[in-house]
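Let's walk through this structure together, one stretch of the chain at a time. Keep the sequence and the 3D view open as you read.

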Amino acid sequence: MRFEGARDYVAADDLRLAVNAAIALERPLLVKGEPGTGKTELARQIADALGLRLLEWSVKSTTRAQQGLYEYDAVSRLRDSQLGEARVADIAAYIRKGKLWEAFDAEEKTVLLIDEIDKADIEFPNDLLQELDRMEFFVYETGETIRARHRPIVIITSNNEKELPDAFLRRCFFHYIRFPDAETLAQIVQVHFPDVKQTLLREALNQFYALRETPGLKKKPSTSEALDWIRLLMADDLDAADLRADARSALPRLHGALLKNEQDVHLFERLAFMARRRGE
């Protein structure tokens with residue numbers, strides 16, 4: 001089972017190599033990179049390319065590792081016991097399976113996405129060490145051990161908001177998705193918008209990378225924001241000449257798709273003011 005890329009996803013050679021290495025080693029693939037570089041989409045494309053079902057576990061700041069295994073609804077069982085419900089004797093009726101349990105219990109191999117693991121508490125990754133390593137866990141309420149029928153392909157994403165424990169990292173194959181160069185980003189754009197005018201694409205990417213490299217920028221625009229911006233340019237039927245004309249104002253046309261905070265907008269407004277002063 002090998003991942004050779006996908007029609008709707010531009011995967012560099014080193015990324016394909018990392019995916020296949022993780023599959024061969026039967027280790028989780030830990031993918032880091034800037035927000036918007038396609039980490040989550042990678043798991044979806046792997047599942048689609050290999051013909052496997054995708055299970056997504058989106059991690060939040062309040063997420064606990066136990067939720068990925070199962071949750072026992074003791075409150076509902078207590079209420080049912082007070083109401084004299086017959087099912088109260090079946091404790092399994094009050095256990096809700098988590099995404100790991102679903103992946104372990106699946107009759108076929110699956111792709112399990114644990115998305116943005118760095119959002120959770122620092123202990124979250126450590127709490128999953130044994131389950132991801134041994135592919136089994138114990139259900140205390142029923143006394144049963146859940147073992148994976150088929151070892152899932154586990155993709156774990158992180159935006160690098162906090163460091164992950166060394167013990168967790170040792171159990172993963174790691175890959176960092178570098179921000180794409182202009183040639184690769186052009187390929188990504190053409191996958192999404194095959195009808196984009198080449199002159200518009202070249203000028204848009206020139207301005208996009210110039211904006212990203214502006215000193216003092218608080219939040220650099222991501223790949224997904226570049227796609228949103230070019231989509232808007234195409235919707236307005238703009239061409240390269242329109243963008244070059246706007247370049248004199250420092251703020252790019254439809255800059256709200258690229259600049260996402262007032263500090264960066266003010267930065268470009270100051271640059272525009274200084275440019276006008278120099279031109280006087």
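Helices (H or I, at least four residues) and strands (E, at least two) are DSSP runs, numbered from the N terminus. This is a predicted model, in which local features need pLDDT of at least 70 and side-chain atom pairs count only at pLDDT 80 or more, while totals for chains, interfaces and linings use all residues. Residues are numbered from 1 along each chain as its sequence is written, and side-chain values use heavy atoms, with hydrogens and water left out.

With those labels in hand, let's begin at methionine 135. This residue is found in the loop between helix H7 (129-134) and strand S6 (136-139). Its phi is positive, about 55°, although methionine 135 is not a glycine. Buried means under 20% relative accessible area, exposed over 50%, and partly exposed in between (1.4 Å probe, protein chains only). Methionine 135 has a relative accessibility of 6%, so it counts as buried.

Another residue that is not a glycine but has a positive phi is glutamate 116, at about 60°. Look for glutamate 116 in the loop between S5 and helix H6 (123-127).

Now step back into strand S5 (residues 110-115), where threonine 110 lies. Threonine 110 is buried because its relative accessibility is 0%. What does threonine 110 touch, not counting residues up to four places away in sequence? Taking contact to mean heavy atoms within 4.5 Å, threonine 110 touches Leu52, Arg53, Leu55, Ala103, Pro152 and Ile153.

Leucine 112 is found in strand S5 too. With a relative accessible area of 1%, leucine 112 is buried. Leaving aside neighbours within four places in sequence, its contacts are Leu55, Lys99, Leu100, Ala103, Pro152, Ile153, Val154 and Ile155.

Let's move on to the helices. The axes of helix H9 (residues 182-192) and helix H10 (residues 198-212) come within 11 Å and cross at roughly 130°. Axes here are lines fitted to C-alpha atoms, for helices over the stretch in contact, and angles run from 0 to 180 degrees between N-to-C directions. Angles under 35 degrees count as roughly parallel, over 145 as roughly antiparallel, 65 to 115 as roughly perpendicular and the rest as oblique. H9 and H10 are therefore oblique to each other. On the H9 side, Ala182, Leu185, Ala186, Val189 and Gln190 meet Gln198, Leu201, Leu205, Phe208 and Tyr209 in H10.

Which residues of H9 are buried? They are Leu185, Ala186, Ile188 and Val189. Viewed down the axis of H9, these buried residues fall within an arc of 160° (taken from the directions from the helix axis to the C-beta atoms), so they line one face of the helix. An α-helix has 3.6 residues a turn, so residues three or four places apart point the same way. The buried residues of H9 pack against H10 and helix H11 (223-235).

That brings us to the other partner. The axes of H9 and H11 come within 11 Å and cross at roughly 55°, which makes H9 oblique to H11. Leu185, Ile188, Val189 and His192 of H9 make this contact with Thr223, Ala226, Leu227 and Ile230 of H11.
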